[in-house]
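Here is a short report on selected features of one chain. Please view the sequence and the structure first.

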Amino acid sequence: MSIFNRFNLSDVTSIYLTGYHGMEKPKELYFILFLITYLVIILESLTLIGVVCVYKSLHEPMYILISNLAVNGLYGGTALLPALLSNVLSRSREISLALCQTQLYAIHTYAITEFTILAAMSYDRYIAVCFPLTYHTIMSQRVFKLVILTWIYPLVAFFVVFGITVRMTFCGKSIDKVYCLNYLLVQLSCSDTTVANIVGLLSVVLYTFPQIIMVLFSYVQILRVCVKSNSSQSRLKALRTCIPHLLSISNYSVGCFFEIAQGRFKNTFSYQTKLFLALYFLIFPPILNPVIYGLGTRVIRLKLFQVFCKHRRKVQTL
């Protein structure tokens with residue numbers, strides 16, 4: 001028996017995902033599109049992780065955090081896409097309750113981890129810009145603590161909310177989405193959900209407020225240093241080092257906004273638009289982050305070019 005069902009005395013053993021109804025006719029096209037998407041996420045993420053691992057010159061705090069962002073992108077893509085690919089071709093749109101609970105845990109922890117890593121990266125940029133002479137000394141001592149924190153904090157913190165959900169009994173079994181989310185599953189509960197809703201709202205603050213404070217503090221300090229600097233070249237260099245991070249955090253924030261917007265105005269949008277908005281935060285950050293850091297970071301760009309040249313020479317010698 002699953003650890004999730006062990007605490008769940010509900011008669012409901014499966015969940016019906018009605019969000020797949022719009023994929024009935026061109027389902028082969030959707031399958032190919034999502035399969036290509038998943039393969040791109042795997043290829044990009046593993047390439048970036050591999051380059052950081054292989055080259056010792058990239059064993060520095062910033063690149064370690066970048067590789068962790070790629071690992072989390074792979075985690076988020078895997079939380080969604082294998083199940084989505086299976087359900088697209090399946091005649092039944094039902095998934096087991098245990099699988100639904102497993103998926104929502106993975107998706108929520110991916111989302112929290114993504115924001116936490118981005119917050120840690122903003123701190124890294126703050127130290128790099130504001131304390132350039134002691135950057136390596138400071139971050140070398142803290143980077144592994146930050147990495148552990150960015151993974152353990154979301155996994156443990158969300159388990160408190162998740163523990164309430166898995167102990168609920170469920171009467172409804174229909175979720176209007178292509179994946180499971182905690183608040184949607186809670187709405188299917190037979191019992192009073194007041195406690196779960198209050199804990200859920202408080203958890204949103206707990207999972208986002210510290211990260212927002214860290215990001216805002218870091219960039220306020222960076223802007224302060226740039227304003228005080230007399231050298232336009234130094235200001236430009238400081239801002240240039242922050243551009244990839246600003247693009248990543250903006251992209252993820254847009255995805256979170258899309259998820260909230262489509263949930264509030266779901267009757268306003270077409271099926272394809274709702275699907276795009278709902279999947280954006282799970283698909284586009286894992287796809288775009290390796291591109292942003294692969295092309296936007298000079299050192300990684302050079303290493304990727306070296307890998308390409310070596311591979312090309314090997315092919316030519318065969």
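## Q221 and its surroundings

In this predicted model, the side chains of Q221 and R224 make a polar contact at 2.9 Å. Q221 belongs to helix α6, which covers residues 194–228.

Is Q221 buried or exposed? Its relative accessibility is 16%. The cut-off for buried is under 20%, so Q221 counts as buried. Beyond its neighbours within four places in sequence, Q221 is in contact with Y126 and C130.

## The largest nonpolar core

The largest nonpolar core holds 92 residues. Which of them touch the most other members? They are I15, F34, I175, Y179, L185 and L279. Helix α3 (residues 97–130) supplies the largest share of this core, with 20 residues.

Residues up to four places away in sequence are not counted here. On that basis, L279 touches F34, L80, L84, V178 and Y179.

## The three-stranded sheet

Three strands form an open sheet in the order β2-β1-β3. The pairing is mixed. β2 (94–96) and β3 (174–175) stand at the edges. Each has a single partner strand, so one side of each is left without a neighbour in the sheet.

Strand β1 spans residues 14–17. β1 and β2 run antiparallel and are joined by three bridges. S14 stands opposite S96 in β2.

## Helix against sheet

Which strands does α3 lie across? α3 lies across β1, β2 and β3. The helix runs at about 80° to β2.

Methods:
Residues are numbered from 1 along each chain as its sequence is written. This is a predicted model: local features need pLDDT of at least 70, side-chain atom pairs count only at pLDDT 80 or more; totals for chains, interfaces and linings use all residues. Side-chain values use heavy atoms; hydrogens and water are left out. Helices (H or I, at least four residues) and strands (E, at least two) are DSSP runs, numbered from the N terminus. Buried means under 20% relative accessible area, exposed over 50%, partly exposed in between (1.4 Å probe, protein chains only). A polar contact is a pair of N or O atoms within 3.5 Å; within protein, one must be able to donate a hydrogen and the other to accept it, and residues adjacent in sequence count only if both atoms are side-chain atoms. Contact means heavy atoms within 4.5 Å. A nonpolar core is a set of buried Ala, Val, Leu, Ile, Met, Phe, Trp, Tyr and Cys residues joined through side-chain atoms within 4.5 Å. Two strands pair if DSSP finds at least two bridges between them. Axes are lines fitted to C-alpha atoms, for helices over the stretch in contact, and angles run from 0 to 180 degrees between N-to-C directions.
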